[in-house]
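Let's go through this structure together, one feature at a time. Have a look at the sequence and the model first, then ask away.

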Amino acid sequence: MAAQAAAAAQAAAAQAAQAEAAESWYLALLGFAEHFRTSSPPKIRLCVHCLQAVFPFKPPQRIEARTHLQLGSVLYHHTKNSEQARSHLEKAWLISQQIPQFEDVKFEAASLLSELYCQENSVDAAKPLLRKAIQISQQTPYWHCRLLFQLAQLHTLEKDLVSACDLLGVGAEYARVVGSEYTRALFLLSKGMLLLMERKLQEVHPLLTLCGQIVENWQGNPIQKESLRVFFLVLQVTHYLDAGQVKSVKPCLKQLQQCIQTISTLHDDEILPSNPADLFHWLPKEHMCVLVYLVTVMHSMQAGYLEKAQKYTDKALMQLEKLKMLDCSPILSSFQVILLEHIIMCRLVTGHKATALQEISQVCQLCQQSPRLFSNHAAQLHTLLGLYCVSVNCMDNAEAQFTTALRLTNHQELWAFIVTNLASVYIREGNRHQEVLYSLLERINPDHSFPVSSHCLRAAAFYVRGLFSFFQGRYNEAKRFLRETLKMSNAEDLNRLTACSLVLLGHIFYVLGNHRESNNMVVPAMQLASKIPDMSVQLWSSALLRDLNKACGNAIDAHEAAQMHQNFSQQLLQDHIEACSLPEHNLITWTDGPPPVQFQAQNGPNTSLASLL
């Protein structure tokens with residue numbers, strides 16, 4: 001018996017020594033691999049060699065699975081060898097499922113592998129993998145929540161928002177059960193964001209109310225609490241802006257701006273939350289800061305505070321450039337494109353068409369680098385080109401661009417915006433498109449059936465109908481529509497629409513011979529247009545003031561207005577020539593496929609300047 005015991009003890013000691021030796025060589029190879037990975041610059045080939053050297057030692061399953069995960073991760077993040085990365089991650093996932101209590105390796109392998117499948121457009125392989133990982137991770141709160149978020153994001157990218165919302169609802173309930181009110185709020189706010197995208201406003205209101213209560217009642221890490229508040233307020237602000245309620249949103253926007261200032265003064269606590277389900281961040285502080293700049297730009301643009309929009313865009317783009325040097329997160333490119341889309345519209349209003357065209361080209365370049373970005377912004381890009389074409393009087397191209405944009409969008413608000421602008425193109429073109437124009441005007445009839453709830457777009461539709469009635473010589477009808485626009489735009493501080501309506505009303509009164517009433521409209525229109533500043537309305541207003549003062553015998557005022565009109569004409573004409581001379585001007589002919597890579601320089605502008613003079 002003693003001899004057997006001694007032999008057993010000897011065998012156990014030999015096994016322990018072998019395990020210790022195995023661990024020491026494994027740790028040595030792992031240390032070398034990490035050294036090469038973190039070198040500056042990283043030596044990825046050497047790192048991979050060190051990790052591959054583990055397998056000839058016939059390591060235990062745990063080491064084998066972990067090494068496959070490490071190799072798969074390094075190859076996925078640092079090389080283009082996706083086939084080998086996939087092979088290692090698949091082995092890590094397969095082996096780790098056979099090992100009890102090996103959650104980190106198992107679920108990280110599943111998470112990374114599904115990411116890689118999506119990158120290779122194998123979404124049908126990613127979904128069942130994530131579903132299985134979610135099913136077996138219920139005892140591991142952090143991974144269960146993370147995998148639910150990941151599958152919901154995958155459905156969102158596929159535009160299956162119903163499935164994504166269902167998963168986020170499941171996640172919110174799971175977080176409640178495991179006592180994580182913080183992550184419950186994250187799930188619910190994410191669901192609220194998708195419901196807003198789907199325009200399910202009746203479901204959004206109670207959800208946001210519940211989120212507001214959870215955020216206020218949660219007592220935890222101050223940065224996490226403030227980030228939840230930023231998420232909540234961003235949803236509220238964008239909800240108001242989508243509804244075109246520029247004035248009503250101001251208190252929320254002010255709260256949001258104060259909130260981001262508070263976050264910027266807080267230091268990140270290194271203390272980890274006691275509940276593993278709380279180990280999530282919505283966005284880094286720096287990203288949140290850019291997002292708040294972005295919604296502020298959106299507000300300033302809708303309200304017609306274009307200098308303010310320019311100021312915040314400059315700040316946001318400067319911060320984005322710094323962030324993109326250190327961070328290649330796709331969300332930063334999305335922020336950049338949305339900021340550029342807004343500032344391009346500002347440039348076109350303020351009479352900087354050449355700059356706008358160069359920024360449209362910049363958006364094209366960003367979209368060339370990311371098919372997903374292009375797919376999400378193609379309609380907006382063609383809409384911007386349509387607006388540019390209108391500004392340089394290329395009406396046929398404007399029609400082609402707006403028609404292309406309509407074909408590419410299923411977003412109701414964007415659709416209404418494009419149709420409103422296309423209708424104004426047809427109105428300016430005269431009798432060439434009467435049937436199409438009547439059909440469009442019927443589809444955006446604010447008196448009967450208007451397809452979206454946006455206050456701003458409905459006011460714009462009244463303006464377009466007023467413009468149409470004016471061109472038809474039906475002045476009383478035009479006045480009724482324009483007074484409706486004024487009432488709506490004054491209610492929500494929509495300054496551009498107010499200025500446009502005032503100057504058109506002034507034009508109508510001038511045509512009708514009511515000079516005093518015309519003057520009462522044109523003078524405030526001019527003041528508001530100068531404040532925005534809107535070059536087209538200033539040009540129009542100065543021409544009317546010149547003619548009004550001539551008709552009333554006010555020679556000095558008429559001369560002053562004529563001088564103003566001449567100055568605006570010269571500025572716009574010079575900008576027009578500069579824009580049409582740019583090689584990027586050829587973008588106006590692009591209506592199909594991805595953005596063109598190169599532009600051929602033109603000899604000079606080929607568009608009519610008559611509308612500017």
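Q: Is Arg 496 buried, partly exposed or exposed?

A: Buried means under 20% relative accessible area, exposed over 50%, and partly exposed in between, with a 1.4 Å probe and protein chains only. Arg 496 has 34% relative accessibility, so it counts as partly exposed. Before we go on, two notes on the source. This is a predicted model, where local features need pLDDT of at least 70 and side-chain atom pairs count only at pLDDT 80 or more, while totals for chains, interfaces and linings use all residues. Residues are numbered from 1 along each chain as its sequence is written, and side-chain values use heavy atoms, with hydrogens and water left out.

Q: Which side chain meets Arg 496 in a salt bridge?

A: A salt bridge is a side-chain nitrogen of Lys or Arg within 4 Å of a carboxyl oxygen of Asp or Glu. Here the partner of Arg 496 is Asp 534, at 2.8 Å from N to O. The two sit 38 residues apart, with Arg 496 in helix H23 (residues 495-511) and Asp 534 in the loop between helix H24 (515-531) and helix H25 (535-551). Helices here are DSSP runs (H or I, at least four residues), numbered from the N terminus. Asp 534 is buried, at 1% relative accessibility.

Q: How many salt bridges does a search of the whole structure find?

A: The search turns up 18. One of them pairs Glu 158 with Lys 127, at 2.9 Å from N to O. Glu 158 is in the loop between helix H7 (141-157) and helix H8 (161-177), while Lys 127 is in helix H6 (residues 123-135), so this pair ties together parts that are 31 residues apart in sequence. Glu 158 is partly exposed at 37%, and Lys 127 is buried at 15%. There is also a network of salt bridges linking Arg 199, Asp 242 and Glu 413.

Q: What is the phi of Arg 199, and where is the residue placed?

A: Most residues other than glycine have a negative phi, and most peptide bonds are trans. Arg 199 has a positive phi of about 65° although it is not a glycine. Its place is in the loop between helix H9 (181-197) and helix H10 (201-217). Asp 493, also not a glycine, has a positive phi of about 55°.

Q: Which residues does a cis peptide bond with omega of about -5° join?

A: That bond joins Ser 40 and Pro 41. Pro 41 is in the loop between helix H1 (2-37) and helix H2 (44-52). Another cis bond runs from Ile 532 to Pro 533, with omega near -10°, and Pro 533 is in the loop between H24 and H25.

Q: At what angle do helix H3 and helix H4 pack?

A: Two packed helices are described by the angle between their axes and the distance between the axes. Axes are lines fitted to C-alpha atoms, for helices over the stretch in contact (heavy atoms within 4.5 Å), and angles run from 0 to 180 degrees between N-to-C directions. Helix H3 (residues 61-78) and helix H4 (residues 82-96) pack at about 150°, with their axes 8 Å apart. That makes H3 roughly antiparallel to H4, a label for angles over 145 degrees.

Key. Angles under 35 degrees count as roughly parallel, over 145 as roughly antiparallel, 65 to 115 as roughly perpendicular and the rest as oblique.
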